[in-house]
Structures are given as structure tokens and as C-alpha cells.
Amino acid sequence: RGNCKMLFELTLVPVGGDSHISDELAAALQIIDSSGLPYQLNATATCVEGEWDEVMPLIRKCHDSLRQKCPHIITMIKIEDDQGETNKLSRNVAAVEQAVGHALSH
């Protein structure tokens with residue numbers, strides 16, 4: 001695989017308890033932010049760009065952090081593995097904006 005940069009879309013869902021989970025998710029986002037990897041937070045997920053061996057342990061660390069606060073967690077991961085491509089985090093958005101003809105809200 002070498003230095004293959006991939007996109008990992010991560011959604012962490014604490015099950016049960018309060019429907020407002022921003023406090024629980026803040027700890028996971030601090031872990032992602034301190035990793036130094038490029039990431040983008042949106043309303044329902046966080047997309048992280050990096051290599052398999054650096055992002056998978058990061059996802060585990062986020063899951064484990066949330067698991068310490070909640071007895072039931074669902075962790076969903078979607079992976080885009082596009083051989084030879086880099087900087088996909090911004091390039092994917094830029095390509096769609098170019099097709100639309102203007103910047104979109106993100």
C-alpha cells in the first residue's frame with residue numbers, strides 16, 4: 001500500500017442517554033484534532049485523510065474514548081481507497097463545486 005492516502009468517514013453514535021451528544025463527541029474530536037491528520041467535521045460524521053496504519057488506530061482511540069463514557073457505542077466507518085490519489089479531502093469537494101459552478105456551503 002505504501003503511502004496511499006485514503007479517506008475515512010467516521011460516525012460515532014452513543015446509544016441511550018441524552019439525544020444531545022456534543023459533549024461525548026468533543027473528546028473524540030480532540031483526539032482527531034491532535035493527531036495532525038487532515039480532517040473535516042460535518043453535521044453527522046468526520047472525514048479523516050491518511051494512511052491505513054495511522055487512521056485505523058486513531059479510530060480505535062476515538063471509539064475507546066467514547067466507550068469510557070457510554071456503555072453502548074455504534075462506530076461506522078466508510079473508506080474511500082483511490083489508488084495514487086492524494087489530498088482527496090479538499091479535492092472531492094472542489095470537483096463538485098467546479099461542476100456546480102460555484103462554492104457550496106460546507
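**View 1. The lining of the second largest pocket holds no charged residues.** In this predicted model, the lining residues here divide into eleven nonpolar and four polar. The volume of this second largest pocket comes to about 200 Å³. Look for Leu12, Leu25, Thr44, Ala45 and Thr46, which sit closest to the centre among the 15 residues that line the second largest pocket. Two or more lining residues come from each of strand S1 and helix H1 (22-35).

**View 2. The largest pocket has a volume of about 310 Å³.** Strands S1 (6-14), S2 (39-41) and S4 (73-80), together with helix H3 (88-100), each provide at least two of the lining residues. Helix H3 is the biggest contributor to the lining of the largest pocket, with four residues.

**View 3. The largest nonpolar core brings together 17 residues.** Those touching the most other members are Leu10, Leu12, Ile32, Val48, Val55, Leu58 and Cys62. At least two residues of this core come from each of S1, H1 and helix H2 (52-67). Helix H2 gives the most, supplying five residues to the core.

**View 4. A closer look at Leu58 and its contacts.** Setting aside neighbours within four places in sequence, you will find Leu58 in contact with Ile31, Ile32, Ser35, Leu37 and Val48.

Note on methods
Residues numbered from 1 in each chain as written. Predicted model: local features only at pLDDT ≥ 70, side-chain atom pairs only at ≥ 80, totals over all residues. Heavy atoms only, no water. 1 Å grid on protein atoms, 1.4 Å probe; cavity = no way out; pocket = protein on both sides within 12 Å on 5 of 7 lines; lining within 4 Å. Points joined across faces, edges and corners; volume = space filled by probe spheres on them. Nonpolar A, V, L, I, M, F, W, Y, C, P; charged D, E, K, R; others polar. Core = buried A, V, L, I, M, F, W, Y, C linked by side-chain atoms within 4.5 Å. Buried < 20%, exposed > 50% of the residue type's maximum accessible area, 1.4 Å probe, protein only. Contact = heavy atoms within 4.5 Å.
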